[in-house]
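Subject: Model handover

Hi there,

Here is the structure I promised to pass on. Could you have a look at it before you read my notes below?

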Amino acid sequence: MRSATVILIAFAGLSRAGADQQLMDVAARAAEQAIVDLSSVACTETVVETKLNQKEKTEERRKRTFDYLVLLDTDDGDLSVTESRIEQGGAKKTEAKPLLTSTGFSTLLLILHPYYQNSFEFSDLGLVEEGGRQWRRLGFEFRPGKRSPSVLRAGAREYPLAWKGEARLDEATGRVASIQASLGAQLEEIGLESLEASVRYGPPDFKDAARDTAEWLPLEAVIDLKTHHQHWRNVHTFGGYKHFDVTTTEKQEAAKQP
């Protein structure tokens, strides 16, 4: 398999069995707010694509930079989350194709969103200390037969993926510090050996730092994919956040006399 595309689609779920209901409620509200906050900002996404050989040595590396934002649509009671990624400098026709295209992982915390239910089982894995703070470890595993949270596109075909892993979050606020996810089942028919995703969230540095903000946004996502013969690793870094400033002007005209 020479190239692959991993696309995260907003079809995850929430099952409260196995985890404290109050914690799940807090996490759901935090995820709901996080996606709203993310849709109100723009940032710069830097992607470093690396192809490794069988000895885990770098064979090829490319760096790309995008103007990045997330579009949120809640019409008709549905939730649609779409990424907008415009490469800086414009696309060059002669430029080589990406080594591995991986998109949508900044919104992996949607697995905790109240809109997405019944696709995962959650379990309380206890507390862990990291970065001088304690985080609640929340395990999750895809439920067979449910709608998959993501697909892998290889050529003209798309393969639904079943994630399992761990989210670390603050018990009081429900904010997610990190998510570690791996593929629960291999796709032997296309030679896929493993697929892992690691996403880190936190308070970002805003360009408009004078504003009083409390957002908790994606900072980094690492995607690692292996086949029987090849190994790719993409590192997405999100920075330079800025808020949208929307100004509306209303103009009233005097009624014309008959």
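Which strands does helix H1 (residues 21-38) lie across? H1 lies across S2, strand S3 (58-73), S4, S6, S7, S10, strand S13 (217-227) and S14, and runs at about 100 degrees to S13. Helices (H or I, at least four residues) and strands (E, at least two) are DSSP runs, numbered from the N terminus. The angle is between N-to-C directions, on a scale from 0 to 180 degrees, with axes fitted to C-alpha atoms, for helices over the stretch in contact; contact means heavy atoms within 4.5 Å.

A word on the source: this is a predicted model, where local features need pLDDT of at least 70 and side-chain atom pairs count only at pLDDT 80 or more, while totals for chains, interfaces and linings use all residues. Residues are numbered from 1 along each chain as its sequence is written, and side-chain values use heavy atoms, with hydrogens and water left out.

On confidence, the protein chain has an average pLDDT (the predictor's confidence in each residue, from 0 to 100) of 82, and 80% of the residues score at least 70. Confidence is highest in strand S2 (residues 41-52), with a mean of 96, and lowest in strand S1 (residues 5-8), with 53. Residues 9-17 have pLDDT below 50, yet this stretch has 45 contacts in the model beyond near neighbours in sequence. For residues 246-258 pLDDT also stays under 50, and the model has 0 contacts there beyond four places in sequence.

Now the sheet. Ten strands form an open sheet in the order S4-S3-S2-S14-S13-S12-S11-S10-S7-S6, with antiparallel pairing (two strands pair if DSSP finds at least two bridges between them). Strand S4 (80-87) and strand S6 (120-130) are the edges, each pairing on one side only. From one strand to the next, the twist averages 20 degrees. Between S2 and strand S14 (residues 231-243) there are 11 antiparallel bridges.

Finally, the structure has 14 salt bridges (a side-chain nitrogen of Lys or Arg within 4 Å of a carboxyl oxygen of Asp or Glu). One of them joins Arg137 and Glu166, at 2.9 Å from N to O. Because Arg137 is in strand S7 (residues 133-142) and Glu166 in strand S10 (residues 163-169), this pair ties together parts 29 residues apart in sequence. Salt bridges with shared partners link Glu130, Arg137, Glu166 and Arg168 into one network.

Best wishes
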